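Please open the structure in your viewer and keep the sequence beside it.

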Amino acid sequence: MVSIEVFQKITYAWIILALIIFPILFKVNPPYGRHRSKKWGPGINNRIGWILMELPTLVLFVLLFMTGDAPKTLVTWIFFFLWLLHYINRIFIFPMRIHTTGKKMPLAIIFSGIFFNFMNSSLNGYWLGYLGYYPVDWLLDPRFILGISVFVFGFILNQKSDTYLINLRKGGKTGYFVPQKGLFKYISCPNYLGEIMEWTGFAVMTWSLPGLSFAIWTVANLLPRAIHHHKWYFKTFPDYPKNRKALIPWVL
Ligand code: NDP
């Protein structure tokens, strides 16, 4: 068993790595989806790529949560359930719904995704399985109430926005279209905003260092990618709405 001191050191190191990678991702755009580039070497089917990349999040998290000897209260089970809710969708449902149109995901992305997911799910699974303790009265703590509200709102926003994007190719269409509905009227990437809200909410409701590290990594990944998507829309569609922002309505 890893001591709390060692665990904290690993988590701080992981946060520092996110802060180093964050500015780099504004320059180096991970080449999957619309930004796919052959320069990044061979790839495999997009759908299989998503499943392989995200699978460790479920396996490791469940394993560590279940084998750990920290007391499992109603609160920790709620955290467990929310993690499962997100990742069952991401691993088994989302990849089946996307229209891959023959696209491939580079192996380099899959391996870096596996590493990222290995770290996040190990840290959070170990925290909740072995180290954290949340008595039932945590349910009434403002941090829990605020965090779970932000998580649920973010989950719905992420789901609805991904669904909307996937449906743009309904009926066998291929290529890209300008999204027009809901929060897309204000920002290019509401699905990313929803994802960031989810893990920020998770960090607040667990009030934990691993939760914080996951939220920081999610921003480090998705804020630069939202900017790349946004610029891509302007470059690709001359009539793209000028007042639309990338990630935060009216702000950014
Ligand atoms: P995108 O928004 O790039 O794409 C989502 C899906 O919609 C893809 O199938 C994409 O096709 C399709 N799509 C997107 N825009 C359009 C459009 N304008 N017209 C037609 N189809 C479109 O999201 P990602 O693929 O980057 O991410 C998928 C999910 O994973 C998101 O919910 C995201 O939040 C989450 N994620 C989380 C991360 C984290 O750090 N926690 C990191 C990365 C993703 P195509 O693939 O062909 O472009």
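A crossing of two helices is called left-handed if the near helix is turned anticlockwise from the far one by less than a right angle, and right-handed if clockwise. Helices here are DSSP runs (H or I, at least four residues), numbered from the N terminus. The model is predicted, so local features need pLDDT of at least 70 and side-chain atom pairs count only at pLDDT 80 or more, whereas totals for chains, interfaces and linings use all residues. Residues are numbered from 1 along each chain as its sequence is written, and side-chain values use heavy atoms, with hydrogens and water left out.

**First stop: α1 and α4**

Select helix α1 (residues 4–27) and helix α4 (residues 107–131), whose axes come within 12 Å and cross at roughly 150°. Axes are lines fitted to C-alpha atoms, for helices over the stretch in contact, and angles run from 0 to 180 degrees between N-to-C directions. Angles over 145 degrees count as roughly antiparallel, and α1 and α4 are therefore roughly antiparallel to each other.

On the α1 side, select Ile4, Phe7, Ile10, Thr11 and Trp14; their partners in α4 include Phe115, Met119, Tyr126 and Leu131. By class, this contact of α1 with α4 has 11 nonpolar, 2 polar and no charged residues. In this classification Ala, Val, Leu, Ile, Met, Phe, Trp, Tyr, Cys and Pro count as nonpolar, Asp, Glu, Lys and Arg as charged, and the others, Gly among them, as polar.

**Second stop: α3 and its two partners**

Select α3 (residues 74–97) and α6 (residues 190–206) next; their axes come within 11 Å and cross at roughly 160°. The helices α3 and α6 are therefore roughly antiparallel to each other, and α3 passes α6 in a left-handed crossing. Among the residues that meet here are Phe79, Trp83 and Arg90 in α3, and Glu195, Trp199 and Phe202 in α6. The contact of α3 with α6 has 7 nonpolar, 2 polar and 3 charged residues.

The crossing of α2 and α3 is left-handed. Their contact has 19 nonpolar, 2 polar and 3 charged residues.

Which helix holds Tyr164? Tyr164 lies in α5 (residues 142–167). Tyr164 touches Pro179, Gln180, Lys181 and Phe184, not counting residues up to four places away in sequence. Draw a line between the C-alpha atoms of Tyr164 and Gly129, 35 residues apart along the chain, and the separation is 36 Å.

Notes. Helices (H or I, at least four residues) and strands (E, at least two) are DSSP runs, numbered from the N terminus. Angles under 35 degrees count as roughly parallel, over 145 as roughly antiparallel, 65 to 115 as roughly perpendicular and the rest as oblique. Contact means heavy atoms within 4.5 Å.
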